[in-house]
Amino acid sequence: MDETLAGDALARLRRANGQLAGVIAMIEAGEDCVKVLTQLAAVSKALDRAGFKLVATGLRHCQAAQQRGEEPPMDLAELEKLFLALA
């Protein structure tokens, strides 16, 4: 997968990376557990959304390949397996 296909998901992952660094810093600084867990939940959600975005992008990419009469890089069963791995 190249960066042009993963653009939005990559941006989400970079943001989640920053959030995760913030959570680590919060733990190291002894922040309140509720605050840490709230931020950790936000990181988790960001990672989930990035994964779903990648699956959706892959689905569109495969569909476009089929419409052009090309063999898609993945079949629907593989995409479904990836989707279910995230769920």
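Author: Let us begin with one side chain. At a relative accessibility of 38%, Phe83 is classed as partly exposed. The model under discussion is a predicted one.

Reader: Why is Phe83 called partly exposed?

Author: The class of partly exposed lies between buried, under 20%, and exposed, over 50%. Phe83 has 38% relative accessibility and therefore counts as partly exposed. Phe52, with a relative accessible area of 31%, is likewise partly exposed.

Reader: What makes Phe52 and Phe83 an aromatic pair, and why is the pair called tilted?

Author: Rings pair if their centres lie within 6.5 Å, and the centres of Phe52 and Phe83 are 5.5 Å apart. Planes under 30 degrees apart would count as stacked and those over 60 as edge-to-face. The planes of Phe52 and Phe83 stand at 50°, so the pair is tilted. The structure holds one aromatic pair.

Reader: Which parts of the chain does this pair link?

Author: The pair joins distant parts of the chain, with Phe52 in helix 2 and Phe83 in helix 3, 31 residues apart.

Reader: How do you know how helix 2 and helix 3 are oriented to each other?

Author: The axes of helix 2 (residues 33-67) and helix 3 (residues 76-86) cross at roughly 170° and come within 9 Å. Angles over 145 degrees count as roughly antiparallel, and helix 2 and helix 3 are therefore roughly antiparallel to each other.

Reader: Which residues meet in this contact, and what is its make-up by class?

Author: From helix 2 come Gly51, Phe52, Val55, Gly58, Leu59 and Cys62, which meet Leu76, Leu79, Leu82, Phe83 and Leu86 of helix 3. By class, the contact of helix 2 with helix 3 has nine nonpolar residues, two polar and no charged ones.

Reader: Is Ile27 called buried or exposed, and why?

Author: Ile27 is found in helix 1. The cut-off for exposed is over 50%; Ile27 has a relative accessible area of 55% and is therefore exposed. By contrast, Leu40 in helix 2 has 37% and is partly exposed.

Reader: What is the confidence of the prediction?

Author: The chain averages a pLDDT of 88, and 94% of the residues score at least 70. Where pLDDT is low, predicted coordinates should not be read in detail.

Technical notes: Residues are numbered from 1 along each chain as its sequence is written. This is a predicted model: local features need pLDDT of at least 70, side-chain atom pairs count only at pLDDT 80 or more; totals for chains, interfaces and linings use all residues. Side-chain values use heavy atoms; hydrogens and water are left out. Axes are lines fitted to C-alpha atoms, for helices over the stretch in contact, and angles run from 0 to 180 degrees between N-to-C directions. Helices (H or I, at least four residues) and strands (E, at least two) are DSSP runs, numbered from the N terminus. Angles under 35 degrees count as roughly parallel, over 145 as roughly antiparallel, 65 to 115 as roughly perpendicular and the rest as oblique. Contact means heavy atoms within 4.5 Å. Ala, Val, Leu, Ile, Met, Phe, Trp, Tyr, Cys and Pro count as nonpolar, Asp, Glu, Lys and Arg as charged, and the others, Gly among them, as polar. Rings of Phe, Tyr and Trp (its six-membered ring) pair if their centres lie within 6.5 Å; planes under 30 degrees apart count as stacked, over 60 as edge-to-face and the rest as tilted. Buried means under 20% relative accessible area, exposed over 50%, partly exposed in between (1.4 Å probe, protein chains only). pLDDT is the predictor's confidence in each residue, from 0 to 100.
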